[in-house]
Amino acid sequence: MSLLEKMLALTEEERETLQYRQVMQARYTSKQSFIIEANKFLAPGSEIMVRKHTRFIDFPKHRHDYIELNYVYNGSLKQKIGEQDVHLKKGELVVLNQHIEHQIDACDTEDIVINFIIQPSFFNFIFSFLNVEGPLYSFLIDSVHGGNGFGQFLYFKCAEEESIQMLLQKMVEEIMNPDAFSQATTKLHVGMLIIELTKKADTLEGDYEGTLQNQWLREALSYIHEQYKQATLTELSARLNQPHYLLSKLIKKRTGKTFKAILQEKRLDIAREMLVQSDLPVSVIAEEVGYDNFSYFYQIFKKKFEQTPLAYRKRQAPQE
């Protein structure tokens, strides 16, 4: 049986839809307003899930408490996002933040649409190792840390982009043929998809511009990513030509963390990688990530990872 044939098979939700001819709101939310909740689909502790959109019925106006990506695997998808009518063709996709409302026209039998349910916190993992620029990166930063409550979406006409289609095909195969590694594999594929969509920004319909304050936040996070060893709020203030107290307040408001806390997380994550991937002494690793005081590094590493640096290295070492 081909992958498309598997996708065409009815799901439990679709059988319910055909029986009752209406969307059963309680399946998607516990709230009075129609805000689809990630915890209705994600297993505890999970940050990402890929599933097939339910066909055969108009899906009423709603929004989500997560970031959603809709991908048309076969057929097409008609929806109204905010006040804009959007008609996705096979191979195209949209990314919606958690503040945008949309409603979806009923899909026919041959219309196979894949929904990616992604917790905003997942992108902090992505940002920790990606350093890219462009509309998608700005959109995601603003969605996760912006806090402005404005509905936004991006529409990618990427049907002819082979690299993007190959990644999406692999993710569809994972949901239809899951194994013990599917969750980790999907996370890596989403990271790669962000890179490919950024490289193919010319497929983006329209544009996205964040606010000036969100631009400062993006530059602050990029600065920490690149200059974690010697980064300081004073130098960041000089780079952006903004008072350090203003940047400090902005970072705390948008991320819930101080500049110092974000910098420390970055340094400790790099140190953790170096412990596993190198044989360098712990004292050298501490210096390499920006800590001259080894005792302080030892203390904060143990507090975050609940074990000493040496114990962490030993536990992560391959067993012979």
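## Close-up views of a predicted model

View 1. Q152 sits in the loop that links helix 4 (135-146) to strand 10 (153-156). Helices (H or I, at least four residues) and strands (E, at least two) are DSSP runs, numbered from the N terminus. The model is predicted, so local features need pLDDT of at least 70 and side-chain atom pairs count only at pLDDT 80 or more, while totals for chains, interfaces and linings use all residues. Residues are numbered from 1 along each chain as its sequence is written, and side-chain values use heavy atoms, with hydrogens and water left out. With 27% relative accessibility, Q152 is partly exposed; buried means under 20% relative accessible area, exposed over 50%, and partly exposed in between (1.4 Å probe, protein chains only). The C-alpha atoms of Q152 and H99 are 7.1 Å apart, although 53 residues separate the two in sequence.

View 2. Two strands pair if DSSP finds at least two bridges between them. Strand 1 runs parallel to strand 3 (residues 59-64), and two bridges join them.

**View 3. Helix 5 against helix 6.** Two packed helices are described by the angle between their axes and the distance between the axes. For helix 5 (residues 162-176) and helix 6 (residues 182-199), the axes come within 10 Å and cross at roughly 160°. Helix 5 is therefore roughly antiparallel to helix 6. Axes are lines fitted to C-alpha atoms, for helices over the stretch in contact, and angles run from 0 to 180 degrees between N-to-C directions. Angles under 35 degrees count as roughly parallel, over 145 as roughly antiparallel, 65 to 115 as roughly perpendicular, and the rest as oblique. The crossing of helix 5 and helix 6 is left-handed, a term for a near helix turned anticlockwise from the far one by less than a right angle. Residues of helix 5 in contact (heavy atoms within 4.5 Å) with helix 6 include I164, L167, L168 and M171. On the helix 6 side, the residues include T185, H189, V190 and L193.

**View 4. Helix 7 against helix 9.** Helix 7 (residues 212-227) packs on helix 9 (residues 244-255) at an angle of about 90°, and their axes are 10 Å apart. Q213, N214, W216, L217 and A220 of helix 7 meet L246, L247, L250, I251, R254 and T255 of helix 9.

**View 5. Cysteines C107 and C158.** The count of disulfides is zero, where a disulfide is a pair of cysteine sulfur atoms within 2.5 Å. The cysteine sulfur closest to that of C107 is in C158, 17 Å away, which is too far for a bond. C107 is buried at 3% relative accessibility, and C158 is buried at 0%.

View 6. Most residues other than glycine have a negative phi. F56 has a positive phi near 80° and lies in the loop between strand 2 (48-52) and strand 3. At 17% relative accessibility, F56 is buried. E306, also not a glycine, has a positive phi of about 60°. The loop between helix 12 (294-305) and helix 13 (309-316) holds E306, which is exposed at 72% relative accessibility.
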